[in-house]
Amino acid sequence: MAIVIIRTGIIYFALLLAMRLMGKRQLGEMELSEFVVASLIADLASHPLQDVGIPMANGLVPILTLFCFEVLIAGLSMKSIRLRTLLFGRPSTLVTRGVIDQREMHANRFTVDELLQELRKQGMFDLSQVEYAVLETDGRLNVIPFPAALPPTADQMGVRVPDVGCPLIVISEGRVIEKNLKALGHDAEWLREELRRRKKREAKEIYLMTVNRAGQSYIAEKEAGA
Amino acid sequence: MKREIGAALLLLALIAASVWNIRRADRLTGEILEHLELSEKAMLAADTDYAEEQFEAAKRLWLSARSYTRVFLRHPELDAASDMFYELMQELQRGEIRALPAVYARLRYHLDCIREMEHPGWGTVF
């Protein structure tokens, strides 16, 4: 058991180091330690399942150990910026004021093709429109276009747009979500009235109903036999 | 912060359990080895009754610890040790004195390996 704990620790930190050295491209939207845990846990769990000769404890102990390491590392890195930088690295700016930083590209093993591909994914087909491109610690590339390439906002165009907030689900598959109804400042009486206005008798007939702060609603009726 | 404290406590509990496991394995194999040693000495001194009595005590200890061994130790190692116990029992019943030291030595070595496998060290960790 002690050996299992020590081995888990060694493999965890070795993988963390290896993945850190490999660069952010491998991660695919997961933080480094999450990626390490995710890649280890599936395999750890499968061995005692496949081989009944391995005690369950040999599968459970490393999983629990990994959980402890992950929570402790995440907690400590919240407290210490130095540890966070050491473990997860820093975001890398691949494009600064429209200029590709070739040294950063090389350090992150990012090719020009990959950069262009990532930009295209975000709807940027022209590199000259990109002011900043930042490779985050979880492997995602965030792009900030030059102001001239940004679509104008309502503010810039002098248009007043009413703030209707985020629509909340009020009826989901025939069930009324009381909490959301209350959060919108309405009650069951308002909902009954709203349904009556839409020529519906009860919530059971509704598949989905959303309401925003302005009281505007969207209704999808339940299909027969659904 | 509660999660971190919980994780630290869980890790400490796992470490404590592993220390308990090392001690339990040490105690179990130590007691069995003592009985086996006495059994072998008695057999070489031609005291077969005492030799069988000590062997039975060792076997009983091994079999009664199954609820512990099956949870914490690798099953193939346990099965191999059980096979060796029955092999030694067979040889004792046969009374073939010349073959006995080797069978005793094999079983003792295997039990020693089981004990060592629970101790962290270069050989066992890497």
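Two chains, term by term

Tutor: Taken in sequence order, chain B reads α-α-α-α-α-α. The model is predicted.

Student: How many helices and strands does chain B have?

Tutor: Chain B has six helices and zero strands.

Student: Why are α1(B) and α2(B) called roughly antiparallel?

Tutor: Helix α1 (residues 2-44) and helix α2 (residues 48-64) of chain B meet at an angle of about 165°, and their axes are 7 Å apart. Angles over 145 degrees count as roughly antiparallel. The pair α1(B) and α2(B) therefore falls in that class. As for handedness, α1(B) crosses α2(B) in the left-handed sense.

Student: Which residues make the contact of α1(B) and α2(B)?

Tutor: On α1(B) they include Leu28(B), Ile32(B), Leu36(B) and Met43(B). On α2(B), Tyr50(B), Phe55(B), Leu61(B) and Trp62(B) are among them. By class, this contact between α1(B) and α2(B) has 13 nonpolar residues, four polar and one charged.

Student: What makes α4(B) and α5(B) roughly antiparallel?

Tutor: The test is again an angle over 145 degrees. Helix α4 (residues 75-94) and helix α5 (residues 100-117) of chain B pack at about 160°, with axes 10 Å apart. The conclusion is therefore roughly antiparallel for α4(B) and α5(B). Their crossing is left-handed. Among the residues that meet are Ala81(B), Phe85(B) and Leu88(B) in α4(B), with Val103(B), Leu107(B) and Ile114(B) in α5(B). The contact of α4(B) with α5(B) comprises eleven nonpolar residues, one polar and four charged.

Student: Why are β2 and β4 of chain A said to stand at the edges?

Tutor: The sheet in question is open, has four strands in the order β2-β1-β3-β4 (chain A), and pairs antiparallel. Both β2 (99-100) and β4 (141-145) of chain A have a single partner strand, so one side of each has no neighbour in the sheet.

Student: How do you know that strand β1 of chain A pairs with strand β3 of chain A?

Tutor: Pairing needs at least two bridges. Strand β1 (residues 92-96) and strand β3 (residues 130-135) of chain A are joined by four, and they run antiparallel. Val95(A), for instance, has Ala133(A) in β3(A) as its bridge partner.

Student: What is the strand order of the open sheet that contains β5, β6, β7 and β8 of chain A?

Tutor: The order of these four strands is β6-β5-β7-β8 (chain A), with antiparallel pairing.

Student: What joins β7 of chain A to β8(A)?

Tutor: Five bridges link strand β7 (residues 206-211) of chain A with β8(A), in antiparallel fashion. Val211(A) sits opposite Ser217(A) in β8(A). Together β7(A) and β8(A) make a hairpin with five residues between them, and Gly215(A) in the turn has a positive phi of about 90°.

Student: Is Thr65(A) buried or exposed, and how do you know?

Tutor: The cut-off for buried is 20 or more other C-beta atoms within 10 Å. Thr65(A) has 23, so it is buried. Buried residues form 19% of the 226 residues in chain A, while in chain B the share is 21% of 126 residues.

Student: Where is Thr65(A) found, and what does Thr65(A) touch?

Tutor: Thr65(A) belongs to helix α3 of chain A. Leaving out residues up to four places away in sequence, Thr65(A) touches Ile5(A), Thr8(A), Gly9(A) and Leu14(B). The C-alpha atom of Thr65(A) is 9.3 Å from that of Ile6(A), although 59 residues separate the two along the chain.

Student: How many residues of chain A and of chain B are in contact?

Tutor: There are 18 residues of chain A in contact with 23 of chain B. On the chain A side, α1 (2-22) and α3 (56-79) of chain A each supply at least two residues. The most come from α3(A), which gives nine. By class, the chain A side has 14 nonpolar residues, three polar and one charged.

Methods
Residues numbered from 1 in each chain as written. Chains lettered and ligands numbered in written order. Predicted model: local features only at pLDDT ≥ 70, side-chain atom pairs only at ≥ 80, totals over all residues. Contact = placed C-beta atoms within 7 Å. Nonpolar A, V, L, I, M, F, W, Y, C, P; charged D, E, K, R; others polar. Buried ≥ 20, exposed ≤ 12 C-beta atoms within 10 Å, placed from the backbone. Axes fitted to C-alpha atoms, helices over the stretch in contact; angles between N-to-C directions. Parallel < 35°, antiparallel > 145°, perpendicular 65-115°, else oblique. Left-handed = near helix turned anticlockwise from the far one by under 90°.
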